[in-house]
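Subject: Structure handover

Hello,

Please find the structure below. My notes on it follow.

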Amino acid sequence: MVFRKPPDGGWGWVIVIVSFFTQFLCYGSPLAVGVLYLEWLDVFGEGKGKTAWVGSLANGIGLLASPVCSICVSSFGARPVAIFSGFMVAGGLMMSSFAPNIYFLYVSYGIVVGLGCGLLYTATVTITCQYFDKRRGLALGLISTGSSVGLFIYAALQRELIDLYGLDGCLLIVGALSLNILACGSLMRPLESPSSPPPEKPSGDKVPDQYFVYHEKEKTVEENISILEKGYIDEKCVKNVPDYKQDSVLNKNVLSSVNINEKDTYKKKVVEQTNFCKQLAKRKWQLYLNYWEETVVLFKNKVFSALFVAILLFDIGGFPPSLLMEDVARSAGINEDDYHMPLISIIGIMTAVGKLILGILADFKWVNTLYLYVTTLLMTGAALFAIPFAKSYLMLAMLSGILGFLTGNWSIFPYVTTKTVGIEKLTHAYGILMFFAGLGNSLGPPIVGWFYDWTQEYDTAFYFSGFCVLLGGFLLLLAALPCWNSCTSQSSKLPPNTYSYKVASSA
């Protein structure tokens, strides 16, 4: 498929709007799962670490499957993937309302909903990057605020629905709302070149001809020569026959050829289909080899290697507050009457603000987006270290706002990835990075929950989380330093089609 130059506007703004609502509808409930987490603790009576797996799977499984999601979007396009994923998210939420135990939720809410969200996230990011180039940071910031606004609204919405209709009714209503993703996905028109001819619809009559092409390509030169010589001899023999016998000879030849063709039709089709399957298998195998070769080339880029370590450690330490902050407040003995707004809602609205502001900053030429991303990591680590010292609602609300704003760095992460590896490798590289992000999302909340089950307090858990985020930030900063770039460039050259971040960011 050939794509024309990104228009940086036009139908691209429609793509931004529908992508915003897609992320709003699919990520609203999984990101605000902290409200459901408290209900599941009371209903099923399991430990905090065990129950936290539901929310962590919902937010992590889609990222873990990012390489598969990227392949699906590349193979089928953003529109079909978005429509199919809408059914997955809605179906998973509705199935969760009938969950008899926590293990059923692992599948219905954790895997089905999580995988649908991962497919939708990859589809929206990919098609937005195709429509925007100069304004890509703004566009990504706008669509990524959809999940944050969803977190803000769904945190209050789910709590109200639970009070009115119970946990089961809440999940059914939220699942019904998710069906609106189908309408959003239908508007994700692919950016195809108008000069490219439309693909021909294959008919049943043309299938044997397609097989015949592969069959003819496998014939050797000697076989082709012998076929030509045989045709020449047959033609010569026919010319030597008297005129009144030529018609009968030709008729006999036609009848005999028809009989031979009828007898050999089945064998010929089997041979042709076998040859076609062999060629197809060789082609697919070559694609897989190319995929792994490109993966190895990506990891030879030191900035990309440091980036995957940083995103893994960031999600291990930075994701648990959005899931467990409500339980942190309850464990600290804070009275619910003191709540002016749910802490999860504060995280959600500040994440939306952070995504938008950081996305706008990424579009300025004087801003190095990699250093901006590193700054958010270091500040997130410092905020996590401060959580054990917060013993009032006001302090937790301030820290929730700071963490929410810094978590908005998700809007510039695709921008950083694009500048590091190039737009042509964005889907491949982004899928790999999202796999490690999903691994961190899946492990972070259960680890924090296990720390609480072990120590009966959250202090040690958040010290560990802060250390993980700081370590990832320092490693990424070390890989991006100009002095490190100059030292390594003298000893080795970058692989072809990869870029150092210093060169890409100055462009």
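**Aromatic pairs and their surroundings**

Phe 21 has a relative accessibility of 40%, so Phe 21 counts as partly exposed; buried means under 20% relative accessible area, exposed over 50%, and partly exposed lies in between, with a 1.4 Å probe and protein chains only. This is a predicted model, in which local features need pLDDT of at least 70 and side-chain atom pairs count only at pLDDT 80 or more, while totals for chains, interfaces and linings use all residues. Residues are numbered from 1 along each chain as its sequence is written, and side-chain values use heavy atoms, leaving out hydrogens and water.

A search of the whole structure gives 13 aromatic pairs. Rings of Phe, Tyr and Trp (its six-membered ring) pair if their centres lie within 6.5 Å; planes under 30 degrees apart count as stacked, over 60 as edge-to-face and the rest as tilted. One of the pairs is Phe 20 with Phe 21: the ring centres are 5.3 Å apart and the planes stand at 90 degrees, so this pair is edge-to-face.

Phe 451 and Phe 464 have ring centres 5.6 Å apart and planes at 40 degrees, so their pair is tilted. Because Phe 451 lies in helix α18 (residues 426–455) and Phe 464 in helix α19 (residues 459–480), the pair ties together parts that are 13 residues apart in sequence. Helices (H or I, at least four residues) and strands (E, at least two) are DSSP runs, numbered from the N terminus. Phe 451 is buried at 17% relative accessible area, whereas Phe 464 is partly exposed at 30%. Together with Trp 454, Phe 451 and Phe 464 form one aromatic cluster.

Another ring, that of Trp 11, has the charged end of Arg 189 over it, 4.3 Å from the ring centre. A charge sits over a ring if NZ of Lys or CZ of Arg is within 6 Å of the ring centre and within 35 degrees of the ring normal.

**Helix α7**

Asp 168 lies in helix α7 (residues 136–178) and is partly exposed, with a relative accessible area of 45%. The C-alpha atoms of Asp 168 and Ala 99 are 8.8 Å apart, although 69 residues separate the two along the chain.

Tyr 165 is also found in helix α7 and is exposed, at 54% relative accessible area. Ser 178, again in helix α7, is buried at 0%. Not counting residues up to four places away in sequence, Ser 178 touches Leu 25, Gly 86, Val 89, Ala 90 and Leu 93, where contact means heavy atoms within 4.5 Å.

Regards
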